[in-house]
Amino acid sequence: MEKWDQSLFLIIAFIFWFAHFLYIPMLSPYIEQLGGTFTFTGIVLASYGLMQLLFRVPIGIGSDLLKNRKIFVVLGIAISTSSCLAFALTASLEWILISRALAGIAAATWVAFTILFSNYVADDKLHSAMGNLSFALVFAQMLGMAFSAWLVETLGWSAPYWIGTILGSIGLLLSFLISEGNKVTDNKPIKLHELGKVVKEPMLLKVSLLSIFAHSIIFTTMFGFTTAYALSKGLRPAEISLVVFAFMIPHAIATLMSGKPFVLEIGKWRIVQLAFLTTGIFTMIMAQIETKIMFFFLQMINGFALGLLFPLFLGMAVEEIPHAKRATAMGAYQAIYAIGMFVGPFLAGLLNTSFGLEASFYFSGCIGIVGFICSLLWSRKVKPKTVD
């Protein structure tokens, strides 16, 4: 039965993220086509991260209090499907903003997805299982984004939203078949005073800030304005799939390389420094490109560099936290880095309105350089410490 639960859950997770990312590459051009300014596009992109910042911790606490993860999984898929339907039925800028905000609330329920999936496996197989879940997420993101431009060019602007609605509805029906799992836990809900105490841990704060930088970069570029910029440089909508593959394939490969052997060989802080420096420099170069080949090459470099960072941050955020408080620390970390998901695109939208689309790449590149400088300084002051 556990194998059935795992397989069904992976299918549902794939559908959830596939529908979620099916329209992402063409969202910025769609808003522009409807008459939205770059500032408004930045607000729409920022609303996704803002909703996660506001809802992620409450959803985690709520699922602990109710000791029920399934209801939040079902709710998340329902909200995601409603978001796609709202996109499909309307073509007003106001509803575009509301729809994207709903998608952010849906994404915030992912914390319940991960906890529920962990109930299906024994502790000694947890890392392998989570690897499968992460692969389903990344694979769904990549395929969804790859089909986006083709659907728009072939069937029109609303096609990704209608297909997302249909797939989301299928995922919603399947979600009623999943179980809560057999694992019994005695975890207590997060208490606010414990959350405040854990958040003050120096290493968690440093890693969270670095993660804010990294999320600002990726949500401003690949998940933000890169597609609109590519189209403005003469790429055809059909070529957007190549842009997605150029970024996401190295991104996925880098995620797999962030394991222990690679980290021990080079050192986690050195990897962080190199990744930030690389993405900082090459993102700024993006603003000056003139050829398609160079565009794809820079996408590959940036995809790989950012792919190294996110898995490392997951481990670094809690490595100095006692096991009893790691769930609290992870909840805090995930909520904090969502700041980058809305501040980055919002500020980039303002800059783009004043200086053109190139501004978002200079802005993101500067963030990468700041991340490099911070990681360089902090790596020299690292001292083992735990929260009492």
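Q: If buried means under 20% relative accessible area and exposed means over 50%, as which does Glu 201 count, buried or exposed?

A: This is a predicted model, and the values discussed here are computed from it. Glu 201 has a relative accessibility of 3% and therefore counts as buried, since the cut-off is 20%. As for its place in the chain, Glu 201 is found in the loop between helix H9 (192-199) and helix H10 (202-232).

Q: Which backbone nitrogen does the side chain of Glu 201 reach?

A: The side chain of Glu 201 reaches the backbone nitrogen of Met 203 at 2.9 Å, and it also reaches that of Leu 204, again at 2.9 Å.

Q: How is a pair of aromatic rings described, and how many aromatic pairs does a search of the whole structure find?

A: A pair of aromatic rings is described by two quantities, the distance of the centres and the angle of the planes. In this structure the search finds 27 aromatic pairs. One of them joins Tyr 30 and Tyr 161, whose ring centres are 5.6 Å apart and whose planes make an angle of 40°, which gives a tilted pair. Because Tyr 30 lies in helix H2 (residues 27-33) and Tyr 161 in helix H8 (residues 159-175), the pair ties together parts that are 131 residues apart in sequence. Both Tyr 30 and Tyr 161 are buried.

Q: Which residues form one aromatic cluster?

A: The cluster is made up of Phe 9, Phe 16, Trp 17, Phe 21, Tyr 48, Trp 110, Phe 113, Phe 117, Tyr 120, Phe 219 and Phe 223. Tyr 48 also has a charged neighbour, for Arg 100 lies over the face of its ring, at 3.9 Å from the ring centre.

Q: With which residues is Leu 210 in contact, leaving aside its neighbours within four places in sequence?

A: Leu 210 is in contact with Trp 269, Val 272, Phe 276, Phe 313, Gly 371, Cys 374, Ser 375 and Trp 378. Cys 374 in turn counts as buried, at 16% relative accessibility, and Cys 84 counts as buried at 1%. As to sulfur pairing, the structure holds zero disulfides.

Q: In which helix does Ala 46 lie, and which residues does Ala 46 touch, not counting residues up to four places away in sequence?

A: Ala 46 lies in helix H3 (residues 38-66) and is buried, with a relative accessible area of 5%. Beyond its sequence neighbours, Ala 46 touches Met 341, Phe 342, Pro 345 and Phe 346. Ala 46 and Gly 104, 58 residues apart in sequence, have C-alpha atoms 9.4 Å apart in space.

Q: What does the secondary structure of the protein come to?

A: The protein comes to 16 helices and zero strands. Of its 388 residues, 54% count as buried. Among contacts between residues at least 6 apart in sequence, 86% join residues at least 24 apart.

Definitions and conventions. Residues are numbered from 1 along each chain as its sequence is written. This is a predicted model: local features need pLDDT of at least 70, side-chain atom pairs count only at pLDDT 80 or more; totals for chains, interfaces and linings use all residues. Side-chain values use heavy atoms; hydrogens and water are left out. Rings of Phe, Tyr and Trp (its six-membered ring) pair if their centres lie within 6.5 Å; planes under 30 degrees apart count as stacked, over 60 as edge-to-face and the rest as tilted. Helices (H or I, at least four residues) and strands (E, at least two) are DSSP runs, numbered from the N terminus. Buried means under 20% relative accessible area, exposed over 50%, partly exposed in between (1.4 Å probe, protein chains only). A charge sits over a ring if NZ of Lys or CZ of Arg is within 6 Å of the ring centre and within 35 degrees of the ring normal. A polar contact is a pair of N or O atoms within 3.5 Å; within protein, one must be able to donate a hydrogen and the other to accept it, and residues adjacent in sequence count only if both atoms are side-chain atoms. Contact means heavy atoms within 4.5 Å. A disulfide is a pair of cysteine sulfur atoms within 2.5 Å.
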